[in-house]
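The sequence and structure come first, and the text then goes through selected features in turn.

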Amino acid sequence: MSESSSGTSVKPEGLRAAARRLLGGNRAYGPFLLRLERWGWVVPGGFLVMVLVLAWWVHPSSEIDNWLLMVPLLASALCSPWGTAAFGAAILLVNRVFTLAVPGQNLRLENFLLDLCVVLLAVLVAVLRSRTRSYVLRLQNAVLAAREVVVRPIPDHWGGVESATVYLPADTESRMGGDFYDVLATPHGTRIILGDVQGKGLAALSTAGAVVGAFREAGYHEADMTVVTARMEDGLRRHNALLAAVDTTHEPRFATGVVIALLGDETHADVVNFGHEGPLVLGSGGVRQLPQEQNPPLGMAALTGTETRINRIPLEKGETVLLVTDGVTEARDRRGGFFPLLPWARELVGTSSRDSPTDPDTLLKRLVEALADHTEGHLNDDATLLAVRREEAPGARPSGPQPC
């Protein structure tokens, strides 16, 4: 699936629209004042027209230049340097016209020099703001590029499954959370992961990269899921050791997550849960929740010394598996109530017709809309959603091993 600029990895327009609503419609980069260059001229232009109308027809006065000096100052915050310079030249011209039409003290040279200094200062501010905007865009593009290494785009039909994903950052400016997911096509069947790293920022993104990297390598080559999970644990342990050697103040990070391996019999799957919310399975038979938090989070196995538990569960064609991070289940409304994911899913399936809308795209669209209604568009934490189900007609698409 394509990665959109809003931080959502989605394809259908309905799902994109729902995600934009939850993110407040913010698809641009950077702070608010840095996103207005295209239409920024409207504010200083409107203010200039208003002052001219009032000064010419309502109350002619030579004091108009005091008000007109606000025009280039507004332009410096909202327009490009050239736009600010154009507004500055306009108010210098208008001030001279008005002072000639209504003679007064403003004819003095020092008043003209004051106007000129204000215009030059406004242009300087616009130049600095424009450079800051360019820096923010470059920095954010670098962050998005780094995140795509961890959370790469997933085709909607890949490895014999249909899938849909949405990543909803709580911080729509930086988009640097520790959520991760992947759908891996392997010689041993399709393997899926979704998880969340403790903390935020570059350290969390780096840790997520270590976990996903170990999963992609071991998950493709190893048939035994016990070996795959051991490699993931070892990868995170070595990553924490490296960071501790670089920075003695570094505290080891852990990650919660769920790994699902679809079996070749097309009726079962192996599920490994590392301290994460149990995924939901939605189908014609209703909704059920898979085992949750049966193993300690990744990075904490050495503290418990227990063996990894792997659950084999029935999973028929047509059933959709919904995996989410805690940004969904811990999303709060105005009164502090958590989002009721399981009751919501049961109501969705129970109130739908026989053709229940549990295909991945429609399911995530409905869920994102419900989250937007519940939180009024304000997430407290990053939320990642992944929905997958086996292809209904695997013969129509290649379902064997594909390049990783």
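In this predicted model, K317 is partly exposed, with a relative accessibility of 36%. Its salt-bridge partner is E266, and the closest N and O atoms of the two are 3.1 Å apart. E266 sits in the loop between β5 and β6, while K317 sits in the loop between β9 and β10 (320–324), so the bridge ties together parts that are 51 residues apart in sequence. E266 is also partly exposed, at 34% relative accessibility.

The loop between β9 and β10 also holds E319, which links to R288 in strand β8 (residues 286–289), 31 residues apart. The side chains of E319 and R288 form a salt bridge of 3.0 Å, N to O. E319 counts as buried because its relative accessibility is 16%, under the 20% limit used for that class. R288, at 29%, is partly exposed.

A further salt bridge joins R152 to D182, with the closest N and O atoms 3.1 Å apart. R152 lies in the loop between α6 (109–150) and β1 (157–158), and D182 lies in strand β3, so this pair ties together parts that are 30 residues apart in sequence. What is the relative accessible area of R152? The value is 25%, and R152 is partly exposed. D182, by contrast, is buried, with a relative accessibility of 1%. R152 and D182 belong to one network with R216, joined by salt bridges that share partners. The count of salt bridges in the model comes to 11. Side chains of opposite charge can pair when their charged atoms come close.

The table sets out the three pairs described above.

| Salt bridge | Closest N to O | Separation in sequence |
|---|---|---|
| E266 and K317 | 3.1 Å | 51 residues |
| R152 and D182 | 3.1 Å | 30 residues |

Strands of a sheet pair through backbone hydrogen bonds, either parallel or antiparallel.

The angle between α7 and α8 is about 150°, and their axes are 8 Å apart. The crossing is right-handed. From α7, the contact uses S206, T207, A210, V211, A214, F215, A218 and G219, and from α8 it uses V228, R231, M232, G235, L236 and H239. By class, these residues are eight nonpolar, five polar and one charged.

Strand β2 (residues 161–168) is a separate topic. Eight of its eight residues are buried, so β2 is largely enclosed by the rest of the structure. One side of β2 carries V161, S163, T165 and Y167, the other carries E162, A164, V166 and L168, and both faces are covered. In a regular strand the side chains alternate between the two faces of the sheet.

Which strands does β2 pair with? β1 is one of its partners, running antiparallel to β2 and joined to it by two bridges. H157 has E162 of β2 as its bridge partner. The two strands make a hairpin with two residues between them, and G159 in the turn has a positive phi of about 65°. Strand β11 (residues 383–390) also pairs with β2, in the antiparallel sense and over eight bridges. In that pairing, Y167 is the bridge partner of T384 in β11.

Notes. Residues numbered from 1 in each chain as written. Predicted model: local features only at pLDDT ≥ 70, side-chain atom pairs only at ≥ 80, totals over all residues. Heavy atoms only, no water. Salt bridge = Lys/Arg side-chain N within 4 Å of Asp/Glu carboxyl O. Helix = DSSP H or I, 4+ residues; strand = E, 2+ residues; numbered from the N terminus. Buried < 20%, exposed > 50% of the residue type's maximum accessible area, 1.4 Å probe, protein only. Axes fitted to C-alpha atoms, helices over the stretch in contact; angles between N-to-C directions. Left-handed = near helix turned anticlockwise from the far one by under 90°. Contact = heavy atoms within 4.5 Å. Nonpolar A, V, L, I, M, F, W, Y, C, P; charged D, E, K, R; others polar. Pairing = 2+ DSSP bridges.
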